[in-house]
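User: I am new to this structure and would like to learn how to read it. Please start with the terms.

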Amino acid sequence: MFSDLREDIVSIIQRDPAARNGWEVLTCYPGLHAIVMHEWAKWCWTHGLKWLGRFISYLARILTGIEIHPGASIGRRVFIDHGFGVVIGETAEIGDDCTIYQGVTLGGTSLSKGAKRHPTLEAGVIVGAGAQVLGGFTIGAGAKIGSNSVVVKPVPAGATAVGNPAHIVQKDKTLASGSEAAQRFSAYGVTASGDDPISKVLHKLIDHAVSQQEQIDKLTAAISGAGIICEKQLEANKLYPDQINSLVD
């Protein structure tokens, strides 16, 4: 137990630049407290003391603002950062080295008792603040869920999902592990090069429209040169790609 606690503290210091030392993490981090109390609740739940497990979970929610059902499975070195408003359902499974930020819900959409109703997060998943992951599907290892995303279907390993409903932004071809994964850690699931695919499509449409405008200008000039009078295009109606692209970004 103490070795796991020590491991959790070290992993939090690695992932949170605001963490100054182990004592501060041990005494001031509600995410760590919620994980420890969940271990107590889980033990009671699996040993037939279900009411006591639920009661410990209830006390943890009062003390930390984090609600974890005692039936949920949580791996090693899981970091719930800030944590207020996090809800983790009964059949949720969280793999090793996952990071979950405030306001996240790992919820279920089915009313069938005994069924797998809540999501599974494989190792190294990052779930950004306010994200809702709803359903009994799997988020692949190393995937990132952007803040305020609503995920209702599986996300491949190494992918980044954003939006409502969430769509895949990018997928890493190689998955890092261990210290390499820590170096590639992305707070709140934000990636520096993760361009939104909808934004990409809009940029392409703007470029296409600009190309058409250039062709029309050339055709107009050619027609005018042939002696055919064309109505002059108003300057105000022209398309300025830099101005529009700045609005899309």
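Analyst: Helices (H or I, at least four residues) and strands (E, at least two) are DSSP runs, numbered from the N terminus. Thr-64 belongs to helix H4 (residues 50-64). This is a predicted model, where local features need pLDDT of at least 70, side-chain atom pairs count only at pLDDT 80 or more, and totals for chains, interfaces and linings use all residues. Residues are numbered from 1 along each chain as its sequence is written, and side-chain values use heavy atoms, with hydrogens and water left out.

User: Is Thr-64 buried or exposed?

Analyst: Buried means under 20% relative accessible area, exposed over 50%, partly exposed in between (1.4 Å probe, protein chains only). Thr-64 has a relative accessible area of 8%, so Thr-64 is buried.

User: What does Thr-64 touch?

Analyst: Contact means heavy atoms within 4.5 Å. Leaving out residues up to four places away in sequence, Thr-64 touches Pro-30, His-33, Ala-34 and Phe-84. A polar atom of its side chain lies 2.6 Å from the backbone oxygen of Ala-60, and one lies 3.1 Å from the backbone nitrogen of Ile-66.

User: Which residues of H1 are buried?

Analyst: An α-helix has 3.6 residues a turn, so residues three or four places apart point the same way. In H1, the buried residues are Leu-5, Asp-8, Ile-9, Ser-11, Ile-12 and Arg-15. Seen down the axis of H1, they fall within an arc of 165° (from the directions of the helix axis to the C-beta atoms), so they line one face of the helix. On the other side, Phe-2, Arg-6 and Gln-14 are exposed.

Key:
A polar contact is a pair of N or O atoms within 3.5 Å; within protein, one must be able to donate a hydrogen and the other to accept it, and residues adjacent in sequence count only if both atoms are side-chain atoms.
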